[in-house]
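The following exercises concern a single protein chain.

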Amino acid sequence: MVAIRPTLIHKNPFLFSSFSVGRSSLSVKEETDETQLEVPSNRIHELEVKNVAKSKDEHKLFDEMRRRFLSFKKHKYLEHLEHFQALAELQAPKFMVISCVDSRVCPSNILGFQPGEAFMVRNVANIVPPWENGPTETNAALEFAVNTLEVENILVIGHSSCAGIQSLMSMQDNATDSSLFCHGSFVHKWVVNAKAAKLRAKAAAAHLSFDQQCKHCEKESINLSLKNLMSYPWIEERLKQDLISVHGGYYDFLNCTFEKWSLDYKNTSRVDNDDDDRLCHIKDQTIWC
């Protein structure tokens with residue numbers, strides 16, 4: 001008996017385009033010896049209609065994007081042409097910003113960074129892994145910003161309702177790197193870099209709800225990243241010479257508030273201290289609301 005594999009209808013909307021449909025019905029042949037399956041003509045029509053609607057929606061999206069670009073060109077670029085021409089020759093940002101990829105957290109929008117003011121990298125859950133973990137796009141950006149652009153400030157921005165932190169908090173505590181790799185989750189493999197923040201959050205907020213534990217971890221993770229920044233030799237050297245400052249920020253988009261603090265480098269040890277339950281010492285803590 002010949003085994004029959006289930007027919008898969010690909011989600012690509014162009015699979016049933018007008019170029020592939022010649023009649024009111026279309027046969028999709030399964031590559032087996034004994035079986036031929038057909039896609040109903042009403043299903044084909046439905047897919048064609050969805051394809052046309054999607055194409056129109058895409059045109060609308062890019063029409064709006066074009067309108068915004070031309071508005072930028074007219075009202076910003078051309079009105080400040082000298083500034084943008086200078087930027088074309090050289091960038092000298094004062095800030096290196098590390099923020100989350102969440103679409104609701106745009107540093108340039110919420111903090112008003114203008115072109116040339118901040119060198120940015122965004123990743124899931126705004127994590128800075130320690131130097132010893134090896135190369136990532138985040139520390140590659142850090143290296144360029146610190147050693148080439150010589151930024152004076154590094155700002156790590158976390159935020160409320162972070163899905164990356166929620167994923168971290170939902171992971172099994174005994175999950176290993178090998179098990180994460182085998183299960184194929186790139187997100188879990190990445191956020192495990194902040195496992196120390198998760199453990200601290202669970203210990204400090206064990207009596208609270210999961211959402212409250214996540215909020216606690218969102219801030220703990222920022223402080224872990226501040227501490228991890230000290231593990232990069234070229235950052236620590238500049239911290240010693242007072243040539244760079246490291247800061248944390250937390251954007252609560254539920255209430256539209258921004259909490260900002262700075263790393264107290266002189267009182268923070270790179271080595272964990274059993275007598276100190278803080279990931280790092282901070283100073284100059286303020287809330288903008």
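**Exercise 1.** By about how many helical turns are Arg68 and Glu64 separated in helix α1?

*Solution.* The model is a predicted one: local features require pLDDT of at least 70 and side-chain atom pairs pLDDT 80 or more, whereas totals for chains, interfaces and linings use all residues. Residues are numbered from 1 along each chain as its sequence is written, and side-chain values use heavy atoms, leaving out hydrogens and water.

Step 1. Arg68 and Glu64 are separated by about one helical turn, because they are 4 residues apart in helix α1. Helices are DSSP runs of H or I with at least four residues, strands are E runs of at least two, and both are numbered from the N terminus.

Step 2. The side chains of Arg68 and Glu64 form a salt bridge at 2.9 Å, N to O. A salt bridge requires a side-chain nitrogen of Lys or Arg within 4 Å of a carboxyl oxygen of Asp or Glu.

Step 3. Glu64 also forms a salt bridge with Arg67, with the closest N and O atoms 2.7 Å apart. Arg67 and Glu64 both lie in α1 (residues 41–77), 3 residues apart.

Step 4. Arg68 counts as exposed at 56% relative accessibility, while Arg67, at 47%, is partly exposed. Glu64 is likewise partly exposed, at 28%. (Buried means under 20% relative accessible area, exposed over 50%, and partly exposed in between, with a 1.4 Å probe and protein chains only.)

**Exercise 2.** Which parts does the salt bridge of Lys219 and Glu259 tie together?

*Solution.* Step 1. The side chains of Lys219 and Glu259 meet at 2.9 Å, N to O.

Step 1. Lys219 lies in helix α9 and Glu259 in strand β7, so the pair ties together parts 40 residues apart in sequence.

Step 2. Lys219 is partly exposed, with a relative accessible area of 26%, whereas Glu259 is buried at 11%.

Step 3. Elsewhere, salt bridges that share partners join Glu64, Arg67 and Arg68 into one network. The structure holds 5 salt bridges.

**Exercise 3.** Is Ser262 buried or exposed, and which residues does Ser262 touch?

*Solution.* Step 1. Ser262 is in strand β7 and counts as buried, at 4% relative accessibility.

Step 1. Leaving out residues up to four places away in sequence, Ser262 touches Val246, His247, His281, Ile282, Lys283 and Asp284. Contact means heavy atoms within 4.5 Å.

Step 2. A polar contact of 3.0 Å joins the side chains of Ser262 and Lys260. (Such a contact is a pair of N or O atoms within 3.5 Å; within protein, one must be able to donate a hydrogen and the other to accept it, and residues adjacent in sequence count only if both atoms are side-chain atoms.)

**Exercise 4.** How many residues has the largest nonpolar core, and which element gives the largest share?

*Solution.* Step 1. A nonpolar core is a set of buried Ala, Val, Leu, Ile, Met, Phe, Trp, Tyr and Cys residues joined through side-chain atoms within 4.5 Å. The largest has 28 residues; among those with the most contacts inside it are Met96, Leu142 and Ile154.

Step 1. Elements giving two or more residues to this core include β3 (95–100), α4 (137–148), β5 (153–159) and α9 (210–229). The largest share, 4 residues, comes from α4.

Step 2. Met96 touches residues including Phe119, Ala141, Leu142 and Ile154.

Step 3. Another core, of 18 residues, lies apart from this one and includes Val192 and Leu224.
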